[in-house]
Amino acid sequence: MRLALGVFIGAVIAVGLFVTVDLVLSHRRAVTQAEELALIQVQLVEQTLTNHLAEVRRGLAGAAREADLLAGAGSGIDDEVAAGRLLAEYFLFLEAVANAGFYDSRGDLLAVLRRSEPQMPRECYLCPAFGNSHHFPGTDTPGEGLLWFAHRSHEGSRLKAVVEESYLTRTLQMILGSTMGGVLFSREGDVVARWGDPRGHAAALRADQSQGIDQALFSGRREGSLVAVTRARSLPLDVAVVLPPEFFLGQWRSRVIVLLLVSAISLAVLGWFLRAVHRRAAQIWEARGARALARERELQLRETHHRVKNHLAVIDSIISLQVTRSSDSAIRQLLQDLRGRVAAISLIHSSLYQAEDLGRVVFPDYCNALVRSIRQACGAPGEAADIRLEVEDIPLPLETVKPLGLIIQELVMNAFKYAGDSPGLVVHLRFGRDGSASGAPSEPADPPEPADSPEPIDPAHRITREKGKNQEDQAGQPRLHLVISDNGPGFPDDFDPSGGASLGMLLVEALVDDLEGEMIRWNHEGAHIKIVFSLP
């Protein structure tokens with residue numbers, strides 16, 4: 001047990017170290033990959049915005065050049081139709097342009113791209129044509145859009161284009177998707193457009209890095225989120241991309257769960273295996289002890305059976321001496337019957353002493369030995385009789401063999417005693433299950449039992465039953481039959497075992513009661529006795 005516990009503790013420590021090292025390295029690898037991805041994404045956003053807004057500038061410049069060419073050719077743009085056609089040609093299909101306007105050299109509005117006149121905000125973040133202040137005083141109308149681009153032609157006309165915040169937000173959403181966030185800042189640090197980043201990690205990191213914002217590209221951590229910031233090359237904007245921890249640590253957290261689960265399962269399996277090994281070892285030691293104890297008990301039982309057999313042999317010798325000393329023939333006969341009963345019991349213990357299985361008697365061998373013993377005890381009548389045995393080898397417990405042996409001894413002795421003078425005496429002993437081939441031979445067959453009838457029955461075929469305590473079959477147990485018959489004169493007509501004249505028959509009835517069986521006796525060309533019982 002101590003060895004198994006030590007192995008299990010060592011395995012727990014090893015698994016814990018492995019899991020810790022693996023999680024630390026995988027976390028560092030996940031963060032590094034996320035930083036690289038954030039830097040790539042922020043550069044992609046900056047390049048996309050620069051390209052889209054450059055198209056707006058190129059459209060303004062192209063429209064201004066065309067206006068100059070038309071003015072040089074003598075057909076300048078001086079009406080709303082021509083100005084509207086020029087705006088539609090250059091800006092109608094530009095997704096970035098929300099509205100555009102064309103102003104003449106006097107500053108009057110000639111045409112607009114949409115239905116409303118574009119209004120400048122109080123402050124424009126992108127308007128290089130109006131100087132560095134990007135401030136338009138005297139404008140009381142709410143500003144349209146967020147980013148303004150303007151261009152002046154050589155002949156004095158002016159073109160303006162508006163980029164709304166919704167376009168910038170859509171661009172961020174298109175590039176970053178729903179898992180990442182993005183923020184556009186002016187050079188002064190104001191938020192121009194935002195997608196995601198509800199906690200303001202990008203703004204907080206930019207404020208922390210305001211002293212070193214002049215560097216082109218950098219990244220950092222803010223409350224678990226990764227933020228990458230870059231400065232646009234041709235626009236007065238700073239671009240930030242935010243990666244939440246759920247984005248780049250999701251797989252790592254799944255790895256943590258899988259590793260912990262696998263480790264727990266592995267340790268559980270190891271613990272179960274060690275426990276099984278320990279239990280198996282304990283079972284082996286217990287089995288060895290049980291075998292040793294069983295061997296010791298077997299030796300003790302063999303010794304007990306041997307001693308009982310010897311004691312019964314001594315009793316038999318004492319009874320034999322008493323027989324030789326007695327002058328009364330009736331007493332000698334009683335003593336001889338007693339010797340037979342002692343011999344029947346002694347044979348059981350002798351069989352158990354010599355058997356491989358101490359709990360089972362080989363019943364056919366026991367019956368053969370018992371019949372031989374009865375032959376020797378009966379002398380000439382027994383030697384002259386023809387004894388036929390048909391015994392099925394059925395495993396019987398010891399508490400069943402003892403009464404059966406005494407019953408066989410009494411009934412065979414009675415056959416020799418009362419039918420021994422008959423010429424050609426045949427004693428038939430059958431034992432087996434109900435309906436079995438070996439236990440129910442065809443000859444000599446048992447005659448059918450006559451049904452109850454008010455008419456007198458021939459005394460030569462009289463049937464008498466003595467029932468045991470339980471005539472019914474026990475559930476699932478086959479009925480066993482013991483039949484002993486001879487071809488002698490049969491039972492007398494006035495035979496009554498309950499009258500006490502025959503001690504042997506009284507003993508047989510008592511033994512049948514012990515077996516909880518049923519005894520049937522009848523005359524048919526001799527005496528027949530059939531005992532039916534079930535195993536306990």
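This is a predicted model: local features need pLDDT of at least 70, side-chain atom pairs count only at pLDDT 80 or more; totals for chains, interfaces and linings use all residues.
1. For the chain, the mean pLDDT is 75, and 76% of the residues reach 70 or more.

2. Two stretches call for caution in reading. Over residues 120-145, pLDDT stays under 50, and the model has 56 contacts beyond four places in sequence for this stretch. Residues 436-472 likewise keep a pLDDT under 50, and here the model has 60 contacts beyond four places in sequence.

3. The unreviewed UniProt entry places the feature "transmembrane region" at residues 6-25 and 256-274. In the model, residues 6-25 are 100% helix and 0% strand, with the end C-alpha atoms 29 Å apart. Residues 256-274 are also 100% helix and 0% strand, and the end C-alpha atoms of that span lie 26 Å apart.

4. How do helix α1 and helix α6 (residues 250-325) pack? Their axes are 10 Å apart, and the angle between them is about 170 degrees. Because angles over 145 degrees count as roughly antiparallel, α1 and α6 are roughly antiparallel to each other. The contact of α1 with α6 contains 17 nonpolar, 4 polar and 2 charged residues.

5. Helix α1 (residues 2-72) also meets helix α2 (residues 80-91): the two axes come within 9 Å and cross at roughly 145 degrees. The crossing of α1 and α2 is right-handed. On the α1 side, the residues in contact are V56, G59, L60, G62, A63, E66 and A67, and their partners in α2 are L86, E89, Y90 and F91. By class, the residues of this contact divide into 7 nonpolar, 2 polar and 2 charged.

6. Which residues join α1 to helix α3? From α1 come Q41, L44, V45, T48, L49 and H52, which meet Y167, L168, T171, L172, I175 and L176 in α3. Helix α3 spans residues 165-176, and it packs against α1 at an angle of about 140 degrees, with the axes 10 Å apart. The two helices, α1 and α3, are therefore oblique to each other. Helix α1 passes α3 in a right-handed crossing. The residues of the contact of α1 with α3 divide into 8 nonpolar, 4 polar and no charged.

7. In summary, helix α1 has contacts with α2 through residues that include L60 and A63, and with α3 through residues that include L44 and L49. Its packing with α6 is at an angle of about 170 degrees.

Methods: Residues are numbered from 1 along each chain as its sequence is written. Side-chain values use heavy atoms; hydrogens and water are left out. UniProt positions are given in the numbering used here, feature names are shortened, and annotations may be inferred rather than shown by experiment. Helices (H or I, at least four residues) and strands (E, at least two) are DSSP runs, numbered from the N terminus. Axes are lines fitted to C-alpha atoms, for helices over the stretch in contact, and angles run from 0 to 180 degrees between N-to-C directions. A crossing is left-handed if the near helix is turned anticlockwise from the far one by less than a right angle, and right-handed if clockwise. Contact means heavy atoms within 4.5 Å. Ala, Val, Leu, Ile, Met, Phe, Trp, Tyr, Cys and Pro count as nonpolar, Asp, Glu, Lys and Arg as charged, and the others, Gly among them, as polar. Angles under 35 degrees count as roughly parallel, over 145 as roughly antiparallel, 65 to 115 as roughly perpendicular and the rest as oblique. pLDDT is the predictor's confidence in each residue, from 0 to 100.
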